[in-house]
Amino acid sequence: MIIVMKPHAPEDAILRVTNAVESKGLETHLSRGKEVTIIGVVGDKNRLCSDNIQLLPFVDKLVPITESYKLVNKKFHPEPTTVKVGSHEIGPNTLTVMAGPCAVETEEQLITIARNVKAAGAQILRGGAYKPRTSPYSFQGLEEEGLRYMQEAGKEFGLNTICEVISQDAINAAVKYVDMIQIGARNMQNFQLLREAGKSGLPVLLKRGIAATIDEWLNAAEYIISEGNPNVVLCERGIRTYETATRNTLDLSAVPVIRSKTHLPIIVDPSHATGVYSYVPPLAKAAVACGADGLMIEVHNDPEHALSDGPQSLTFDRFGRLMEDLKPYIQLSERTL
Ligand code: PEP
Ligand code: MN
């Protein structure tokens, strides 16, 4: 439930309402707009005698929230959230580009890629150190060594960093080295991992599960935020459909749908969505045009010999061209890189 206060309600009136709610053992979350303050209530609302709350000074109305996710709900927090990642802010004013290899392979590889994605304008370096591979015999990642290379490359080129985590051990290591952690599509409903990501204190990029509905995805985000970590960014990376021409089917409609349901930022990953490098630029442009807050793009120095996801990785030239071609779309979206 949310309690909507009348415009310009004074602090003492707001405090009176939050005290009344909290005295019943329920949690409150304040969202202050320019004129109107909204008090979100989490817990068993049967404990509240709503008539009494309604009668308190400056209370405008009580609105029930029917969705099971509360803290991520736009009704709870109408203003868009900005998530800080190192020195960069992901939100409505910026167009965030996370770029880098699927997997960190060697120190030299990562340094070369970091130099090039930085020169092209990316703000966040991505690179997998713990790879959730379909086959147990495929390259599984350099683990902590890979995280160390990410930190070094980030420092050298002034890039913020993101790495996927697949276990509690990976989270414990990641907090020492990177600015943001990623929960991949395969782990979107690993509820224990979501809780641990919430407790990590780092901002979290939550990818959409391979066959997840938007409702399931938002509930997964609620798991993270319910641990006291409000810094969650969503990432649409394609869903599995009957179509086989692309690796997944990019659901761009998720961008406006997510926008209508939550205050959290959303970015788009056209690399994992399509699995084909030549399909990445048009969908990257479309994602910016339809309002995404950013992009995640796989870039490799030598895609033909990449240890994972070579076919969908852009070369430096192709990535540089894409960043140039994106400029008018970014300008139209009234954001800055
Ligand atoms: C990745 O970003 O490296 C990755 C494995 O992505 P996804 O979880 O979307 O498949
Ligand atoms: Mn990949």
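This is a predicted model: local features need pLDDT of at least 70, side-chain atom pairs count only at pLDDT 80 or more; totals for chains, interfaces and linings use all residues.
Biologist: Which residues coordinate the manganese ion (ligand 2)?

Modeller: Donors are N, O and S atoms within 2.8 Å of the metal (3.2 Å for Na, K and Ca), and sites may look incomplete because water is not among the atoms. Here the manganese ion (ligand 2) is coordinated at 2.0 to 2.3 Å by Cys 102 through SG, His 272 through NE2, Glu 298 through OE and Asp 309 through OD. Along the chain these donors follow the spacing C-x169-H-x25-E-x10-D. Cys 102 sits in the loop between strand S7 (96-100) and helix H3 (107-120), and Asp 309 in the loop between strand S14 (294-298) and helix H11 (316-332), so this pair ties together parts that are 207 residues apart in sequence. The helices (H or I, at least four residues) and strands (E, at least two) are DSSP runs, numbered from the N terminus.

Biologist: Are Cys 102 and Asp 309 buried or exposed?

Modeller: Buried means under 20% relative accessible area, exposed over 50%, and partly exposed in between (1.4 Å probe, protein chains only). Both Cys 102 and Asp 309 are buried.

Biologist: What surrounds ligand 1?

Modeller: A residue is near a molecule if one of its heavy atoms lies within 4 Å of it. The residues around ligand 1 include Arg 126, Glu 164, Gln 182, Arg 186, His 272 and Glu 298. A polar contact is a pair of N or O atoms within 3.5 Å. Oxygen atoms of ligand 1 lie 2.9 Å from an N or O atom in the side chain of Lys 131, 2.9 Å from a polar side-chain atom of Lys 207 and 2.6 Å from an N or O atom in the side chain of Arg 237. The protein covers 97% of the 290 Å² of accessible area that ligand 1 has on its own, areas being computed by the Shrake-Rupley method with a 1.4 Å probe.

Biologist: How many aromatic pairs does the structure hold?

Modeller: Rings of Phe, Tyr and Trp (its six-membered ring) pair if their centres lie within 6.5 Å, and planes under 30 degrees apart count as stacked, over 60 as edge-to-face and the rest as tilted. The structure holds one such pair: the ring centres of Phe 191 and Tyr 223 are 4.6 Å apart with planes at 25°, so the pair is stacked. Phe 191 belongs to helix H6 (residues 191-200) and Tyr 223 to helix H7 (residues 214-225), 32 residues apart.

Biologist: How many disulfides are there?

Modeller: A disulfide is a pair of cysteine sulfur atoms within 2.5 Å, and the structure holds zero. For Cys 235 the nearest cysteine sulfur, that of Cys 290, is 13 Å away, which is too far for a bond. Cys 235 is buried at 0% relative accessible area, whereas Cys 290 is partly exposed at 31%.

Biologist: Where are Gly 25 and Gln 123 placed?

Modeller: Gly 25 lies in the loop between helix H1 (11-22) and strand S2 (27-32) and is exposed at 52% relative accessibility. Gln 123 lies in the loop between H3 and strand S8 (124-126), is buried at 11%, and its side chain reaches the backbone oxygen of Leu 95 at 2.9 Å.

Conventions: Residues are numbered from 1 along each chain as its sequence is written. Chains are lettered from A and ligands numbered from 1 in the order in which they are written. Side-chain values use heavy atoms; hydrogens and water are left out. A polar contact is a pair of N or O atoms within 3.5 Å; within protein, one must be able to donate a hydrogen and the other to accept it, and residues adjacent in sequence count only if both atoms are side-chain atoms.
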